[in-house]
Amino acid sequence: MPRHCDAIYDMIGLVHLMRRFRVPGRFLVALSLTASVLGGCAAGVSAPHPEPAARVPLADPAVCGLWNAIGAAPTDAQLVDAAQRYQVVILNAWETAAQKRLKALNPAITVLVYKDLSSTRSYETATLHGGLLPTGVDFAATEREHPDWFATDTGGRRVEWAPYPQHWQMAVWNADYQREWTTAVTTEAVRDGWDGVFADNDFASLGFYSDAVLAGTSSRAETDRLLRDGLDRMVAVAGSALAAQGKLFIPNLSEARLYPGRWTEHARFGGAMEENFAQYAGDELLTWQGTQWEEMVRTSSDGKHLNLLVTKTAGVPESSPGAAGRAGFAGAALLAGDRACWTGPDAGDYSRPAFSGYQSLALGEPRGPAVQQDSGVWTREFTGGWVAVNPSDADETVTPPAGLSTTDGTAITSDLTISAADGEILVRR
């Protein structure tokens, strides 16, 4: 998966260190949120923000669970647990036995196969894993038969991704490459019984991986435009072919906020992933910039598109515990429905499953859509609770519905201040 927001993650620490210190309350263990009440909140103050410990998941959660299981081979114990906890799981192509095990344990689960749109890898060849690849084309065969499918820079050199050695940028604008990728991946998805394809690296800029200027372009801006235009066409080709076979096509789409309509277009074959959901840009939350958030709201409301949301929570300083996960879960709940799935992995390489205690909260059914208040804060009420996200760079005060408490039982009796770039999750008392 692309980890193209390392610089943003570095900024998270600076942002949080500037925020008020929050003292965490005790973690819950029981399913009912019956901890003793610690006292009401004064007008306009922030509530304490303990995250409940992860418990047995609800049968019908407000925010469905996502497990991106590509970082390590899943154990059988993890698969048994996953069949109960997660509604969507992503596996490597050679984990067909794990896929069948999940489907046997939970026929309703959606299991997607990982495939990279934009690279081939010289460390992965058709001789490994029975010929099953993380990409759409084999490096050795492409080098032998279709060398023109490799992207080259203005000096004629192939482009290797600096953060990921032996990943080679492909000419995603090449129609033959698009067709071969599509044919191979669609054939495999149908043959091996996958519910669909998770297509990684549907990116907006080569700059995430390389400083190269590609042949045929005169600047990095032109290089990026060539790649975006090529991926626009490739998504249409591959998505149409998979849809014709009854398979989902879910690209991992980056920087959609910068290009109006791109989220909607690329999600039209079953949905899309935002791998940097509710992450920080300066003192604001990235996802709410541009038109992306409004497009995500639309695609989550029709019941036909998967919105896969990843909030990376590693590295949050002790001075503001849980802020990234809190904003991420609350943001996911704003989109909640049976097709909005969230995870907050504490391992950036997806080497172990993650399940936040927030995902065990009995929020219940939404009482209406997400609403933006005059302050800019987004809120949504549920039969069992309420969530809010403040994506701006200034603290804002909101008035939550009556009868709510924090997840450790602290009653909310007046207005609530939500810090900049933060979220809140309250439950019914």
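Glycine 246, whose phi is positive at near 75 degrees, comes after helix α6. The model is a predicted one, and its protein chain contains nine helices and 20 strands. Of the 429 residues in the protein chain, 57% are buried.

**The chain as a whole**

- Among the contacts in the protein chain with a separation of 6 or more, 66% are accounted for by residues 24 or more positions apart.

**Helix α6 and its surroundings**

- Helix α6 runs over residues 220-244, a stretch of 25 residues, and its span from first C-alpha to last is 36 Å, close to the 36 Å expected at 1.5 Å a residue.

**The disulfide**

- The count of disulfides comes to one, and this link is formed by cysteine 64 and cysteine 341, whose sulfur atoms lie 1.7 Å apart.
- The pair links distant parts of the chain, with cysteine 64 in strand β1 (residues 64-68) and cysteine 341 in strand β12 (residues 340-343), 277 residues apart.
- The link of cysteine 64 and cysteine 341 is left-handed, with -85 degrees about the S-S bond.
- Cysteine 64 counts as buried because its relative accessibility is 4%, and cysteine 341, with a relative accessible area of 1%, is buried as well.

- A search of the whole structure finds 19 salt bridges, and one of them joins arginine 262 to aspartate 232, with the closest N and O atoms 3.4 Å apart.
- This pair links distant parts of the chain, since arginine 262 belongs to helix α7 and aspartate 232 to helix α6, 30 residues apart.
- Arginine 262 has a relative accessible area of 6% and is therefore buried, whereas aspartate 232, at 32%, is partly exposed.
- Asp232 and Arg262 are also linked with Asp202 in a network of salt bridges.
- Arginine 268 forms a salt bridge with glutamate 265, and the closest N and O atoms of that pair are 3.2 Å apart.
- Arginine 268 is partly exposed, with a relative accessible area of 38%, and glutamate 265 is likewise partly exposed, with a relative accessibility of 42%.

**A salt bridge between a strand and a loop**

- Glutamate 381 and arginine 367 meet through their side chains in a salt bridge, at 3.0 Å from N to O.
- This pair, too, links distant parts of the chain, with glutamate 381 in strand β14 (residues 378-382) and arginine 367 in the loop between β12 and β13 (371-372), 14 residues apart.
- Glutamate 381 is partly exposed, with a relative accessible area of 25%, while arginine 367 counts as exposed because its relative accessibility is 52%.

Technical notes:
Residues are numbered from 1 along each chain as its sequence is written. This is a predicted model: local features need pLDDT of at least 70, side-chain atom pairs count only at pLDDT 80 or more; totals for chains, interfaces and linings use all residues. Side-chain values use heavy atoms; hydrogens and water are left out. Helices (H or I, at least four residues) and strands (E, at least two) are DSSP runs, numbered from the N terminus. The expected span of a helix is 1.5 Å times one less than its number of residues. A disulfide is a pair of cysteine sulfur atoms within 2.5 Å. Buried means under 20% relative accessible area, exposed over 50%, partly exposed in between (1.4 Å probe, protein chains only). Contact means heavy atoms within 4.5 Å. A salt bridge is a side-chain nitrogen of Lys or Arg within 4 Å of a carboxyl oxygen of Asp or Glu.
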